[in-house]
Amino acid sequence: MAGHPQPLSPRPGIIAALSVLAVVLAAFGAVLWRAEPGGGPGPADWAALRFTVLQAVLSAVLSVALAIPVARAFARRRFPGRGTLITLLGAPFLLPVIVAILGLLAVFGRSGWLSALLGLAGLPPVQIYGLHGVVLAHVFFNLPLAVRLILQGWQAVPSERFRLAAQLGCGPREVWHLLEWPALRRALPGALAIVFAICLTSFAVALTLGGGPRATTLELAIYQAFRFDFDLGRAAMLSCIQVAVAGVAGLVALSTLPEGGFGAGLDRPVERWDGATPGARIIDALAIAAASLFLILPLAAVIAAGLPGIASLPPPVWRAAGVSVLVALASTVLLLSLALPLAATIAIRRRGWLESIGLLGLTASPLVIGTGLFLLINPLTDPFALALPVTAVVNAVMALPFALRALVPGMQDVLRGYGRLGLSLGMQGAGFWRLVVLPRLRPQIGFAAGLCAALSMGDLGVIALFADPERATLPLQVYRLMGAYRMQSAEAAALLLLVLAFGLFWLCDKGGRSGAEA
Amino acid sequence: MLKLDGLEIRAGTFSLSADLEIERHARIALLGPSGAGKSRLLSAIGGFITPAAGRILIDGHDVTGTAPGDRPVATLFQDGNLFPHLSAVENVGLALRPDLRLSRGDRNAAEAALDRVGLAGMGARKPAALSGGQQSRVALARVLLQGRAILALDEPFAALGPALKAGMLDLVAEVADETGAILLMVTHDPEDARRISRQVILVADGAALAPRPTQALLDDPPPVLRAYLGDARRPG
């Protein structure tokens, strides 16, 4: 496509890319500049690095290993509600971390449902804080993602192969060797790498379930150096380590991730003749039931625990909710103004360095960027006064890779399908945006906006660094209520957060799809 | 008048040269084997690909570097001639205002053009609510309203049945006569050429040859055309 006349100019996208690059590089630069050369990492910092890698490895291996039987069951079974369940597997991605943590505490915590069951059998309650709690939460978030990635790999096997295998009398064992294992082997490295990369930079889970010298991640160590010791040099030094580790992991993940790894519709009907034995049926049913329970129970717990208190929520919670909605909306507007021109430029150019700019959000840690921005703002004005705008900016940058994945294919279709027609009618620039791109891309724009709004709504990252008592977003407010052991208020606020995050996503997604025809 | 002056189109190993002139009011079919470059030649004339060398002159003006929308060329592609989210009258109205800020007069003109192609009263419909033939008519109505000096057809009716296609070709010939446009039409079917084009440009072996009368060329085809046409040369 390059070299041919296009109805859209690549320039705004390049400007957007350079702006993102400038923010991220400026933040990194500030961190590097502030990191004191003499003060190398101490024993506690090495321990944080070890714990970070250990929990990420365990989380990745467990998420993927548990995902295999679930994905296999989804791949070879057709049952009512299957499509809905697969769609629901996308939900944890939008779920505010703090909400899931409260749900997991209600099920697996000291006074949770599981402990109560164990108590009936005369066993001691389970302990959720520490390494296994962090890994449990990460598996909760990433098991569905791993299932989707593996399922995608299996559904890419043409149905004719399964027909052929069935005709040749292959049983489950042979189908596994001939078809399933080769496809799985292709999907596994990408799934492992992406979960590993996500868990490396996850902050809120470590903040709530980790802590202490034995369960501190790099991100948490940055936060502690920043918040408790206000040791900017150490925060910067830890940030450098985090950038190096996450950068390497991110690059590995990107190079191994199959195309369209976050795509939606996974319900292409592939007829499967294998696995009709009663044993296979039972295994598949158990896998799906267990995974569904594991994912649904914590959510049900939040809803059940939060409902009674929602009417009597204290005013600060409502104020925080208002703040969060505003931050989410600002972040979404910023995201769209970056992602739309960027998607156009990527679609025009097909390949190049621009795509990797959009992916900075995957590898860069929000806390590192937050620390860097703090260092930059600090000499100029009070950084705490800018907590909310900075949060909105960082959230938009973090959502950018996902928005681009949703927008770029649609943008390519629009340019391929209507670029020449638009050109021949003299539509260019703003006219082509208004009359062709925006109406044609409404569903994708709605989805991307919803994604960003929900992620921003639930974000507990930068805001934890910057916030003072007067400025809290709803996730931070939930965290503070938890810290004050006001669990009932925390659970009710978490339910409100859940409703708002999914509500914003639903509104944007629905708004994009309604009225977008043909 | 359309003049291709030492035109060279290249893409990878593909190359096509054209050095020819086409008179006003000419109705010309571009005929030749698949991959010979018929569509590319049309794309170059329409401004969608940039030639490697040579000039394109329309009525004496060099348009080689002109943007597609600023050339006096209206192109109908194989598909994607209508915006599915715009109504028929809006699709036609784009001929007058690419920003679609249509005045009452513009709207009336668009309705009249739809009327002319036999779609009276269907202006409010979106393309999905129209048949394939009706969609082609909407595109033709727009071309009529554009009133450009050259009407380039890149097999826009390939998906229509034979009877419907013949009807559309007749309508195209009428539109070309009404607007006084040069008609350039890519086709695979010598019957299309016989039906409305008076001359044929043969595109083969890396060159587009000067136009020759349709009847004479099809009755006594050169070897490359004979090989391409096979038995389709003398139907019935």
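## Salt bridges and a buried strand

Asp219(B) forms a salt bridge with Arg194(B), with their closest N and O atoms 3.8 Å apart. Asp219(B) sits in helix 7 (residues 214-219) of chain B and Arg194(B) in helix 6 (residues 190-196) of chain B, so the pair ties together parts that are 25 residues apart in sequence. A salt bridge here means a side-chain nitrogen of Lys or Arg within 4 Å of a carboxyl oxygen of Asp or Glu, while helices (H or I, at least four residues) and strands (E, at least two) are DSSP runs, numbered from the N terminus.

Bear in mind that this is a predicted model: local features need pLDDT of at least 70, side-chain atom pairs count only at pLDDT 80 or more, and totals for chains, interfaces and linings use all residues. Residues are numbered from 1 along each chain as its sequence is written, chains are lettered from A and ligands numbered from 1 in the order in which they are written, and side-chain values use heavy atoms, leaving out hydrogens and water.

Over all chains, the structure holds 20 salt bridges. Here are some of them:

| Pair | N to O distance |
|---|---|
| Arg72(A) and Glu180(A) | 3.0 Å |
| Arg116(B) and Glu174(B) | 2.7 Å |

Arg116(B) lies in helix 3 (residues 104-116) of chain B and Glu174(B) in helix 5 (residues 162-179) of chain B, so this pair ties together parts 58 residues apart in sequence. Arg116(B) is partly exposed, with a relative accessible area of 29%, and Glu174(B) is also partly exposed, at 38%. For these words, buried means under 20% relative accessible area, exposed over 50%, and partly exposed in between (1.4 Å probe, protein chains only). In chain A, Arg72(A) and Glu180(A) are both buried. There is a network too: salt bridges link Arg76(A), Arg77(A) and Asp284(A).

Now for strand 3 (residues 27-31) of chain B: 5 of its 5 residues are buried, so it is largely enclosed by the rest of the structure. Arg27(B), Ala29(B) and Leu31(B) point one way, and Ile28(B) and Leu30(B) the other. In a regular strand, side chains alternate between the two faces of the sheet. Strands pair if DSSP finds at least two bridges between them. Strand 3 of chain B runs parallel to strand 8 (residues 182-186) of chain B, joined by 4 bridges, with Ile28(B) opposite Leu184(B). Another 4 bridges join strand 3 of chain B to strand 9 (residues 199-204) of chain B, also parallel, where Leu31(B) has Leu202(B) as its bridge partner.
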